[in-house]
Amino acid sequence: MTDARRSLGIAAAATLATLVVLAAAAPLIAAAMGHDITEADLLQRYEPPSLAHPLGTDELGRDVLLRLLYGGRISLTVGIVAAIMAASIGTVVGLLAGYFGGRLDTMLMRVTDGVIALPLLPLLIVLAAVDLGELGLPPAIAESERVSLYRIILITALVGWTTVARLVRGTTLSLKSRDFVRAAAALGAGHVRIMAVHILPNAASPIIVATTLAVGQIILFESVLSFLGLGIQPPLPSWGNMLTNAQEVIWEAPLLAFYPGVLILITVSACNLLGDAIQEWLDPRAVVRR
Amino acid sequence: MIRYLAERIVQGLVVVAIMSFVIYGLIGLMPGDPVDLMISANPQLTTEDAERLRRIHGLDRPIWERYAAWATSALQGDFGYSRTFARPVLEVLGPRLANTAALMLGAFAVALMIGLPAGIYAASRPGSIADTLVNLASFVSISVPTFWLALMMIILFAVTLGWLPASGLPTGPAGFWEHVRHLILPVATLAIVEAGAYVRYMRAAMIEALRHDYVRTARAKGASRTRTILGHALRNALVPVVTVMALSFGGLFSGALVTETMFAYPGMGKLIFDSIMGNDYNLALVALLFATILTLVGNLIADLAYVALDPRIGLGTGPGTERAR
């Protein structure tokens, strides 16, 4: 790995760590500043940056910095949780397909190819528009604001597992006939044990790389869905839905449209850079990204 | 070859059939049904009227029965009427498809013109300042949210500078150049978000190609660096690049959906979004299926291109078994 790439990777990791810490500390920062994110003050709309409001206030007089931090909590949570869920689904599918082979492999890989072939954003829009009440969820749950968070995590994980599934299947295929796996089987290890103890650890590096890259992709999907009004529902702030409001007041306050997008850009770039750096560090020859 | 093609087409049809059922089911799960919409449009409808309407339209029957009815008429070429346009679905779809094709082809061409030369240049000087800059730019391109980039383009070029129109296509009769002027911002937005991936593919493939012995041989025989890169390595580097490009078709379509929505550009993507938001079920269903078919065709082209360009690779047993991912 060249020095420039290494330092880029380290910078990306540091950026992500800073963002996560800041987002996690949002309530503390809010307390220290003496504001509340829901606190609206219609007499102080579109305030320029000041000591009380470092990035000014929005169209309802809410503190922009705090909303960005709380939005970051949501966007990062969605990205990280959904990426881990997607990686778990993909790992299970890939392990089963690669290890058992045969019909199960054919079937699982057909499904994987089918999902890869789908136009993802239109599909996500349909999934996000489904009325949970019609699925039999009680209205109290179906309409609570947290549900929009769980739903977006679930649907992005549902479409995001295919890359990991392919990678894990490939690794499993090449590992299952290796001597150490056959030795374990000869010593009486069961299928589950072989997959979990002998194969999975060797498939870890592609999984880690793909998951890091997926965090960025999922944050992009979350932001566009929230922007379109189908993801995270206000008053819960996310970087995507902050841009929905900002678009409407683009003439009065163009900067409101600037900040959330820059944060998305920085976060996603950092995930992509970090993913690439980890990949080069763990395995300079393998290529995970399609 | 023909057998392989037939197999793939049958597989694709199966995917389309499954998708049509899934989408049909999902659309049934969206808020409200056509009768609810009629009631909200005409408050004088009584509960009994609603019941009767549901019976007439078959909404009281189980979902698979309704799907079977839809599929039967769809196979006969009848896709129903669009609720919001009050015209047959296919009639609505046609012109939108042409607009989307113009947007996507334009963006694809621009992205190629930026992406391939930048990728080749960066690959020919790995580790240089130019390479690092190209690398960073491509990271920004693959990481920028499309809708936000569109927003920034509108703020900069339409609101602040006032150079270009912020939206869609010209209203009323307009000349060719007026059309082009309206297309500049949407095409540029989509091209910018696509180009980064092409740069990365091209750079990686070119670096890989330049490692080969035949490149060293060509250099040793006195061919210039430019000639080795363009005349010898490029042909081989293009094989994986063409494949991933065809595979990125689905992503291009997703990008077009966002771009069209942001610029109020009357294409397929905006149609899908509007029809879902406006409870225009027939239209949403067919438009989504169309998008699926287009993506499947893109994937098939990717596989065929891979085989056609690299004679060492035979046709696989299944889709994508030997794909360069």
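Predicted model: local features only at pLDDT ≥ 70, side-chain atom pairs only at ≥ 80, totals over all residues.
Ser238(A) counts as buried, because its relative accessibility is 0% and the cut-off for buried is under 20%.

**Around Ser238(A)**

- You will find Ser238(A) in the loop between α11 (204-227) and α12 (239-248) of chain A.
- Its side chain makes a polar contact of 3.0 Å with the side chain of Glu222(A).
- Beyond the neighbours within four places in sequence, Ser238(A) is in contact with Gly71(A), Ile74(A), Ser75(A), Glu222(A), Ser226(A) and Ile232(A).

**Where chain B meets chain A**

- On chain B, 49 residues are in contact with 48 residues of chain A.
- The two chains bury about 4,300 Å² between them, and carbon and sulfur atoms account for 72% of that area.

**Polar and charged links across the interface**

- The rule finds 5 residue pairs in polar contact between chain B and chain A, both residues being at pLDDT 80 or more.
- It also finds 1 salt bridge across this interface.
- Asp276(A) forms a salt bridge with Arg200(B), with 2.7 Å between the closest N and O atoms.

**The chain B side**

- Elements giving two or more residues to the side of chain B that touches chain A are α1 (2-28), α6 (129-143), α7 (146-160), α8 (176-210), α11 (249-262), α12 (268-277) and α13 (281-309) of chain B.
- Sorted by class, that side of chain B has 31 nonpolar, 12 polar and 6 charged residues.

Terms used. Residues numbered from 1 in each chain as written. Chains lettered and ligands numbered in written order. Heavy atoms only, no water. Contact = heavy atoms within 4.5 Å. Buried area = accessible area lost by both parts, 1.4 Å probe. Salt bridge = Lys/Arg side-chain N within 4 Å of Asp/Glu carboxyl O. Polar contact = N/O pair within 3.5 Å; in protein donor to acceptor, adjacent residues only side chain to side chain. Helix = DSSP H or I, 4+ residues; strand = E, 2+ residues; numbered from the N terminus. Nonpolar A, V, L, I, M, F, W, Y, C, P; charged D, E, K, R; others polar. Buried < 20%, exposed > 50% of the residue type's maximum accessible area, 1.4 Å probe, protein only.
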